[in-house]
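Please have a look at the sequence and the model before I go on.

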Amino acid sequence: QVQLVESGGGLVQAGGSLRLSCAASGRTFSLLTMGWFRQPPGKEREFVVAINWNGGRTSYADSVKGRFTVSRDNAKNMVYLQMNSLKPEDTAVYYCVSKDSWDSRWSLGYWGQGTQVTVSS
C-alpha cells in the first residue's frame with residue numbers, strides 16, 4: 001500500500017501562485033509514477049499531470065501547460081505541484097495519486113485525501 005498526504009492548498013487571487021506537496025509512504029517511492037488529478041466543483045475528476053519514477057518524463061493536461069510544473073524528490077518521498085498564473089477555473093480539490101508504472105491505470109493506484117485550491121477572481 002501507499003499512503004499519500006497532500007498539503008499546500010488554500011485561497012489565492014487570480015494570477016497568484018500555490019505550491020502543493022504530497023508526502024508518500026509505504027512503498028518504494030522512487031519506483032512509482034506519481035500524478036495530480038483535480039475535481040472542480042460539480043464536475044468530474046480530471047487529470048492534471050504525471051511524472052515518472054525519476055522525473056525524466058512528464059505529461060500535462062493542456063489546460064495547465066506552461067503554468068503548472070511537477071517535480072519530485074525521491075530522497076524525501078515527496079512530489080510537488082507548482083501552480084503559477086492561477087485562474088478561477090483552477091478551483092478544485094487536488095488529489096495526489098501513485099501507480100506502479102507509467103503505463104498502468106490510475107484507477108489501480110493509490111489516492112490521497114485531496115487538498116482544496118480556491119482561486120478568486
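Aspartate 62 and lysine 65 meet through their side chains in a salt bridge, with 3.1 Å from N to O, where a salt bridge is a side-chain nitrogen of Lys or Arg within 4 Å of a carboxyl oxygen of Asp or Glu. Aspartate 62 is exposed, with a relative accessible area of 64%; here buried means under 20% relative accessible area, exposed means over 50%, and partly exposed is what lies in between, computed with a 1.4 Å probe on protein chains only. Please keep in mind that this is a predicted model, in which local features need pLDDT of at least 70 and side-chain atom pairs count only at pLDDT 80 or more, while totals for chains, interfaces and linings use all residues. Residues are numbered from 1 along each chain as its sequence is written, and side-chain values use heavy atoms, with hydrogens and water left out.

How many salt bridges does a search of the whole structure find? The search finds four. One of them pairs arginine 67 with aspartate 90, whose closest N and O atoms are 2.7 Å apart. This pair links distant parts of the chain, since arginine 67 sits in the loop between strand S6 (58–60) and S7, and aspartate 90 in the loop between S8 and S9, 23 residues apart. For the naming, helices (H or I, at least four residues) and strands (E, at least two) are DSSP runs, numbered from the N terminus. Both arginine 67 and aspartate 90 are buried. Through shared partners, salt bridges join Arg38, Glu46, Arg67 and Asp90 into one network. Arginine 38 is buried, with a relative accessible area of 4%, whereas glutamate 46 counts as partly exposed at 28%.

Phenylalanine 68 counts as buried, at 2% relative accessibility. If we leave aside its neighbours within four places in sequence, phenylalanine 68 is in contact with residues including Arg38, Met83, Asp90 and Tyr94, contact meaning heavy atoms within 4.5 Å.

Strand S7 in turn belongs to an open sheet of four strands, in the order S1-S3-S8-S7, with antiparallel pairing; two strands pair if DSSP finds at least two bridges between them. The edge strands are S1 (3–7) and S7, each of which pairs on one side only. Inside this sheet, S3 and strand S8 (residues 78–83) pair in the antiparallel sense over six bridges, and the bridge partner of cysteine 22 in S8 is valine 79.

Which residue forms a disulfide with cysteine 22? The partner is cysteine 96, and the two sulfur atoms are 2.1 Å apart, a disulfide being a pair of cysteine sulfur atoms within 2.5 Å. Cysteine 22 lies in strand S3 (residues 18–25) and cysteine 96 in strand S9 (residues 92–99), so the pair ties together parts that are 74 residues apart in sequence. Cysteine 22 is buried, with a relative accessible area of 0%, and for cysteine 96 the value is also 0%, which is buried.

Let us stay with strand S9. Seven of its eight residues are buried, so S9 is largely enclosed by the rest of the structure. S9 pairs with S4 in the antiparallel sense over seven bridges, and threonine 33 stands opposite lysine 99 in S9. Three bridges join S9 to S11, again running antiparallel, and two join S9 to strand S10 (residues 110–111).

Finally, the nonpolar core, by which I mean a set of buried Ala, Val, Leu, Ile, Met, Phe, Trp, Tyr and Cys residues joined through side-chain atoms within 4.5 Å. The largest has 27 residues, and among those with the most contacts inside it are Met34, Val79 and Tyr94. S3 gives the most to this core, with four residues. A second, separate core of five residues includes Phe37, Val97, Trp102 and Trp106.
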